[in-house]
Amino acid sequence: MNILRNRKYITLVTNLILVFTVGVVAAVCFAPHGAVPANGGAPYYNGNTAGDKVSLMFNVYEGEEIVEGILDVLNEYGVKATFFMGGCFADDHEQLLKRIAEEGHEIGNHGYFHLDHAKISKNKNLEEIENTGKIITALCGVKPTLFAPPSGSFSSVTMQAAESLGYTVVMWTKDTIDWRDADENLVFARATEGVKAGDLILMHPKAHTLAVLGKVLDYYSREGLKQSTVSANIFGD
């Protein structure tokens with residue numbers, strides 16, 4: 001009887017060990033490669049609220065000359081910003097990408113064709129993000145680590161795809177809506193009203209945005225806020 005009980009006990013323990021081992025192997029084999037820690041499975045809507053940084057982030061699918069002007073203003077003020085580049089635009093503007101990188105600004109990934117990432121498959125999400133990253137790296141030697149979904153549209157599938165490719169997903173705190181409203185006063189108000197440390201302020205390469213950019217940076221300075229890249233705002237220098 002004791003021998004039978006011992007055999008049953010040994011069998012039970014062996015089976016438990018086997019189940020545990022299979023679970024560990026499966027987790028290792030099927031976990032996404034290159035994944036980075038997520039913000040609790042959600043995108044970042046702001047940076048460090050206990051710090052002193054704010055971040056202008058420019059989503060770029062057009063406006064080469066305006067981007068050049070934005071770079072001139074940023075350099076004049078001695079500050080750095082983040083440019084989320086659309087892949088199809090980046091592919092045609094190698095010299096602009098190189099200038100952004102060489103002048104110390106951050107380059108992020110904004111998808112290739114500005115699709116609605118909440119409505120496309122995981123494979124299509126992967127394709128849009130991965131192809132854009134490869135183009136940016138090939139053209140200017142920078143491997144982007146931030147992904148901003150076009151139009152702010154994303155799903156859990158988008159999050160999984162981005163994280164599996166090693167990207168942190170970023171949204172915004174304040175939207176200037178400058179792509180729609182060609183009004184300098186509105187852009188300034190939306191970029192400054194109630195602004196606080198950790199804010200991520202979304203802009204686009206528009207003539208009225210460029211015209212008011214220096215005024216926005218002056219306001220941040222007077223408020224004791226430092227303009228920085230999105231990564232520096234979220235993760236620190």
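Colleague: Where is the place of Ser151 in the chain?
Modeller: Happy to start there, with a word on the ground rules: this is a predicted model, where local features need pLDDT of at least 70, side-chain atom pairs count only at pLDDT 80 or more, and totals for chains, interfaces and linings use all residues. Residues are numbered from 1 along each chain as its sequence is written, and side-chain values use heavy atoms, with hydrogens and water left out. Helices (H or I, at least four residues) and strands (E, at least two) are DSSP runs, numbered from the N terminus. By those names, Ser151 sits in the loop between S4 and H6.

Colleague: Is Ser151 buried or exposed?
Modeller: Buried means under 20% relative accessible area, exposed over 50%, and partly exposed in between (1.4 Å probe, protein chains only). Because its relative accessibility is 59%, Ser151 counts as exposed.

Colleague: What is the phi of Ser151?
Modeller: Most residues other than glycine have a negative phi. Ser151 is not a glycine, yet its phi is positive, at about 60 degrees.

Colleague: What covers the buried residues of H6?
Modeller: Helix H6 spans residues 156–164, and its buried residues are Thr158, Met159, Ala161, Ala162, Glu163 and Ser164. After the helix comes Gly166, with a positive phi near 90 degrees. The cover over the buried residues includes helix H5 (122–140), strand S4 (146–147) and strand S5 (168–169).

Colleague: Moving along to H7, what do its buried residues pack against?
Modeller: Asp183 caps the N-terminal end of H7, with a side-chain oxygen 2.8 Å from the backbone nitrogen of Asn185. Just after the helix, Gly194 has a positive phi of about 70 degrees. The buried residues of H7 are Val187, Phe188, Ala189, Ala191 and Thr192. They pack against S6, strand S7 (200–203) and H8.

Colleague: Is the crossing of H7 and H8 left-handed or right-handed?
Modeller: The axes of H7 (residues 184–192) and H8 (residues 207–222) come within 9 Å and cross at roughly 35 degrees. Axes are lines fitted to C-alpha atoms, for helices over the stretch in contact, and angles run from 0 to 180 degrees between N-to-C directions. A crossing is left-handed if the near helix is turned anticlockwise from the far one by less than a right angle, and right-handed if clockwise. The crossing of H7 and H8 is right-handed.

Colleague: How are H2 and H8 placed relative to each other?
Modeller: Their axes come within 9 Å and cross at roughly 10 degrees. Angles under 35 degrees count as roughly parallel, over 145 as roughly antiparallel, 65 to 115 as roughly perpendicular and the rest as oblique. H2 and H8 are therefore roughly parallel.

Colleague: How many residues in the contact of H2 with H8 are nonpolar?
Modeller: H2 contributes Ile66, Gly69, Ile70, Val73, Leu74 and Tyr77, while H8 brings Ala207, Leu210, Leu213, Gly214, Leu217 and Asp218. Ala, Val, Leu, Ile, Met, Phe, Trp, Tyr, Cys and Pro count as nonpolar, Asp, Glu, Lys and Arg as charged, and the others, Gly among them, as polar. In this contact 2 are polar, 1 is charged, and the nonpolar residues number 9.

Colleague: How far apart are the C-alpha atoms of Asp72 and Leu210?
Modeller: Asp72 is found in helix H2 (residues 64–77), and counts as partly exposed because its relative accessibility is 44%. Asp72 and Leu210 are 138 residues apart along the chain, and their C-alpha atoms are separated by 9.9 Å.

Definitions and conventions. Contact = heavy atoms within 4.5 Å. Polar contact = N/O pair within 3.5 Å; in protein donor to acceptor, adjacent residues only side chain to side chain.
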